[in-house]
Amino acid sequence: REIIGMDNYEIIPTDLLRRPNGHIGTQGFTSESLFNLLKHISEIKGFELPKHESLKELINKLKDSSEKVDMIIDYVKSDPIEITKLPDETYVIKDGSHRANLLNLLGVDKLPIKK
């Protein structure tokens, strides 16, 4: 999936935010924190989360609903991920590691960011 329609912000490929261990900004990342983020987004955007027993099951069910993934992307567009470019040409997430991880888990290839 790719994000489109971001005139006010830049789009950056997820690969540019990956750390040497392959993860994207994993500070404070827990299953519970992603559940809470998804619950918040679903309340703001007005959709129900599918029944699930684990984060993996929930993510897989959400991936099957392009409409719900689009609503999650729209939410992140309204609160873009903030990054800083480091001297070695890599990036660090200043704000939005949970949003970045969520979009990555949902298979989004490019993220809305503010530099």
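Predicted model: local features only at pLDDT ≥ 70, side-chain atom pairs only at ≥ 80, totals over all residues.
Two strands are said to pair if DSSP finds at least two bridges between them.

The model holds an open sheet of 4 strands in the order E1-E4-E2-E3, with mixed pairing. Strand E1 (10-13) and strand E3 stand at the edges and have a single partner strand each, so one side of each is left without a neighbour in the sheet. Neighbouring strands here are turned by 55 degrees against each other on average, direction ignored. Strands of a sheet pair through backbone hydrogen bonds, and they may do this in a parallel or an antiparallel way. Strand E2 takes part in the two pairings listed below.

| Strands | Direction | Bridges | A facing pair |
|---|---|---|---|
| E2 and E3 | antiparallel | 4 bridges | lysine 85 and tyrosine 91 |

In the hairpin of E2 and E3, 5 residues lie between the strands, and glutamate 89 takes a positive phi near 75 degrees.

**Helix H1**

Helix H1 covers residues 31-45, and at 1.5 Å a residue its 15 residues should span 21 Å, which agrees with the 21 Å between its end C-alpha atoms. Just after H1, glycine 46 has a positive phi of about 75 degrees.

Which residues of H1 are buried? They are Ser33, Leu34, Leu37, Leu38, Ile41 and Ser42. An α-helix has 3.6 residues a turn, so residues three or four places apart point the same way. The cover over the buried residues of H1 includes helix H2 (55-63), helix H3 (66-78) and helix H4 (97-105).

**The nonpolar core**

The largest nonpolar core has 29 residues, and those that touch the most other members are Leu17, Ile72, Ile81, Ile83, Leu102 and Leu111. Two or more residues of this core come from each of H1, H2, H3, E2, E3, H4 and strand E4 (110-114), and the largest share, 6 residues, comes from H3.

Leaving aside residues up to four places away in sequence, isoleucine 81 touches Val76, Ile93, Asp95, Gly96, Arg99, Ala100, Leu111, Pro112, Ile113 and Lys114.

Note on methods: Residues numbered from 1 in each chain as written. Heavy atoms only, no water. Expected span 1.5 Å × (residues − 1). Buried < 20%, exposed > 50% of the residue type's maximum accessible area, 1.4 Å probe, protein only. Contact = heavy atoms within 4.5 Å. Core = buried A, V, L, I, M, F, W, Y, C linked by side-chain atoms within 4.5 Å. Axes fitted to C-alpha atoms, helices over the stretch in contact; angles between N-to-C directions.
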